[in-house]
Amino acid sequence: MRTNKAMRNLLNELAQSNESISSNLFNPTFHEWDNCILVDASSLREIDSIEESMYQHRTELEASINHYHLEHLSTGIKLISNWKENLEWNYPEKDFILFLSSTIEGEDVVIRFYQFRDHEPEWIKLNDLEGYKEEAILVIEILNAVQ
């Protein structure tokens with residue numbers, strides 16, 4: 001797990017929340033669609049491939065679709081941990097990037113994930129988390145694939 005300084009500060013002061021979240025998010029059924037892993041493929045029902053979509057590449061599609069907004073950082077930490085375990089269990093041969101972002105104050109929490117692909121642009125600059133001055137960032141990398 002990697003974080004920037006803003007996220008480390010928030011994690012040191014983390015309080016528990018009672019935010020309710022759909023059980024479908026805590027126990028997601030991931031969907032496979034055109035070499036993508038999606039938490040919700042409902043927006044893609046009418047199209048068969050990425051070429052028919054508005055996305056330039058699969059990383060962009062996954063990062064856009066595989067996101068969820070939360071009110072509390074502690075709920076986001078629980079949810080991203082659950083998604084990590086679920087992805088590791090269901091897709092042991094795939095590599096993933098999961099990340100959680102929020103404002104510096106810990107508000108407007110968003111979690112998302114995408115598959116790591118060498119041949120596509122990064123969605124988040126993994127080697128420059130401190131470059132995100134207006135956001136607190138936490139990144140979890142799942143590197144399972146045999147190289």
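The following paragraphs describe the fold of one protein chain, from its overall build to individual residues.

The model is predicted, so local features are reported only at pLDDT of at least 70 and side-chain atom pairs only at pLDDT 80 or more, while totals for chains, interfaces and linings use all residues. Residues are numbered from 1 along each chain as its sequence is written, and side-chain values rest on heavy atoms, with hydrogens and water left out.

The protein chain contains 4 helices and 7 strands; helices (H or I, at least four residues) and strands (E, at least two) are DSSP runs numbered from the N terminus. Read from that end, the order of elements is β-α-α-β-β-α-β-α-β-β-β. The radius of gyration is 15 Å, close to the 15 Å that the globule rule gives for 147 residues, so the chain is as compact as a globular protein of that length. That radius is taken over C-alpha atoms, and the rule is 2.2 Å times the number of residues to the power 0.38. Along the principal axes, the C-alpha atoms fill a box of roughly 45 × 35 × 30 Å.

Of the 147 residues, 48% count as buried; buried means under 20% relative accessible area, exposed over 50%, and partly exposed in between, with a 1.4 Å probe and protein chains only. Among contacts with a separation of 6 or more, 70% come from residues 24 or more positions apart, a contact being heavy atoms within 4.5 Å. The accessible surface of the chain is about 8,500 Å², and 44% of this surface belongs to carbon and sulfur atoms; the areas come from the Shrake-Rupley method with a 1.4 Å probe, and for residues only the protein chains shown count as cover.

The sheet comes next. Strands of a sheet pair through backbone hydrogen bonds, either parallel or antiparallel. Here, 5 strands form an open sheet in the order 1-7-5-6-4, with antiparallel pairing; two strands pair if DSSP finds at least two bridges between them. Strand 1 (2–3) and strand 4 (67–70) are the edge strands, each pairing on one side only. Within the sheet, strand 5 (residues 96–103) and strand 7 (residues 135–142) run antiparallel and are joined by 8 bridges. Leu 100, for instance, has Leu 138 of strand 7 as its bridge partner.

Strand 7 also holds Ile 140, which counts as buried at 10% relative accessibility. Apart from neighbours within four places in sequence, Ile 140 contacts Met 1, Ile 80, Lys 84, Phe 96, Ile 97 and Leu 98. By contrast, 27 Å separates its C-alpha atom from that of Leu 44, which lies 96 residues away along the chain.

Helix 3 (residues 58–65) is mostly covered, with 6 of its 8 residues buried. These are Arg 58, Thr 59, Leu 61, Glu 62, Ala 63 and Ile 65. The buried residues of helix 3 pack against strand 2 (31–33), strand 3 (36–38), strand 4 and strand 6 (109–115).

Most residues other than glycine have a negative phi. Asn 35, although not a glycine, has a positive phi of about 65°. Asn 35 lies in the loop between strand 2 and strand 3 and counts as exposed at 60% relative accessibility. Asp 108 likewise has a positive phi, near 50°. Asp 108 is found in the loop between strand 5 and strand 6, and its relative accessibility of 57% makes it exposed.
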